[in-house]
Amino acid sequence: MSEDISYYLDTVFADFEPELKQHLIRECSLKKIPAGEVIMRAGQYIKHTLLIGSGRVKLYRQGDDGQEAFVYDLQPGNACALSMICNTKQEASEIMAKALEDTVAILIPIQLMDELMQKYKTWYYFVIANYRARFEELLVVFDNVVFKGMDERLEFYLKNRFRTTETSQILITHHQIANDLNTSREVISRLLKKMEQDQKIRLQRNSIEWVTRM
């Protein structure tokens, strides 16, 4: 198993200093998470911070009525900044996390966090960079909700999904998009049809293809 962790540290987290990699190999574990599995639930006390080696994880808030509000995605090379905060302050999570694809994650026990921050400069910079990236993403979400109409929010959402997956076609349903944008499936279907009429996208069963330059 240590060889598996070493592989992801060398390929996905290559900027980590050698001593930090060896420390993580000794103290951490690797977890394979099937698509659709809930990794973290609201109210749960977190025992590990996740480093994403492969796959994709969605973080979202869930309302009292069961509706889901998209927060951000975790891609390979990312860590869950919110879990780091909960770990540090010994607080329960306020978000949910679900694997959207088959995912491999390095699990870092919470008791290591203070030591890693103090001992390894590359870990310190990695944590700060993750906090900054997540904060900037949340600002974008805020700006979209407050200042933009649903048509602009939808187009931005789709462009971001295409960029992060590095493909021209994504597998996603209208219902999933509606959940992420906290609106109804009927509104999303209508706006997607308008985008198709404008020749920006091509709609297929449970997938969307981007046909214009981003």
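Q: What makes the contact between Arg202 and Glu209 a salt bridge in this predicted model?
A: The closest N and O atoms of Arg202 and Glu209 are 3.0 Å apart. A salt bridge needs a side-chain nitrogen of Lys or Arg within 4 Å of a carboxyl oxygen of Asp or Glu, so the pair counts as one. By this rule the structure has eleven salt bridges.

Q: Why is Arg202 called partly exposed?
A: Its relative accessible area is 40%. Buried means under 20% and exposed means over 50%, so Arg202 falls in between.

Q: What makes Lys21 and Asp10 a salt bridge, and which helices hold them?
A: Their closest N and O atoms are 3.2 Å apart, and the limit is 4 Å. Lys21 is in helix H2 (residues 18–27) and Asp10 is in helix H1 (residues 2–11), so the pair links distant parts of the chain, eleven residues apart.

Q: Is Lys21 called buried or exposed, and why?
A: Lys21 has 13% relative accessibility, so it counts as buried, the cut-off being under 20%. Asp10, with 45%, is partly exposed.

Q: What makes Glu101 and Arg56 a salt bridge, and which parts does the pair tie together?
A: The closest N and O atoms of Glu101 and Arg56 are 3.5 Å apart, and the limit is 4 Å. Glu101 lies in the loop between strand E6 (96–99) and E7, and Arg56 in the loop between E3 and strand E4 (57–62), so the pair ties together parts that are 45 residues apart in sequence. Salt bridges that share partners join Arg56, Asp73 and Glu101 into one network.

Q: How do you know that Cys28 is in no disulfide?
A: A search of the whole structure finds zero disulfides. For Cys28, the nearest cysteine sulfur, that of Cys80, is 15 Å away, whereas a disulfide needs two cysteine sulfur atoms within 2.5 Å. Cys28 counts as buried at 10% relative accessibility, and Cys80 counts as buried at 1%.

Q: Why is one side of strand E1 and of strand E3 left without a neighbour in the sheet?
A: The open sheet of three strands has the order E1-E7-E3, with antiparallel pairing. Strand E1 (29–33) and strand E3 (48–54) stand at the edges, each with a single partner strand, so one side of each has no neighbour in the sheet.

Q: How do you know that E1 and E7 pair?
A: Five bridges join E1 to strand E7 (residues 103–109). Pairing needs at least two bridges, so E1 and E7 pair. Ile33 has Thr103 in E7 as its bridge partner.

Note on methods. Residues are numbered from 1 along each chain as its sequence is written. This is a predicted model: local features need pLDDT of at least 70, side-chain atom pairs count only at pLDDT 80 or more; totals for chains, interfaces and linings use all residues. Side-chain values use heavy atoms; hydrogens and water are left out. Buried means under 20% relative accessible area, exposed over 50%, partly exposed in between (1.4 Å probe, protein chains only). Helices (H or I, at least four residues) and strands (E, at least two) are DSSP runs, numbered from the N terminus.
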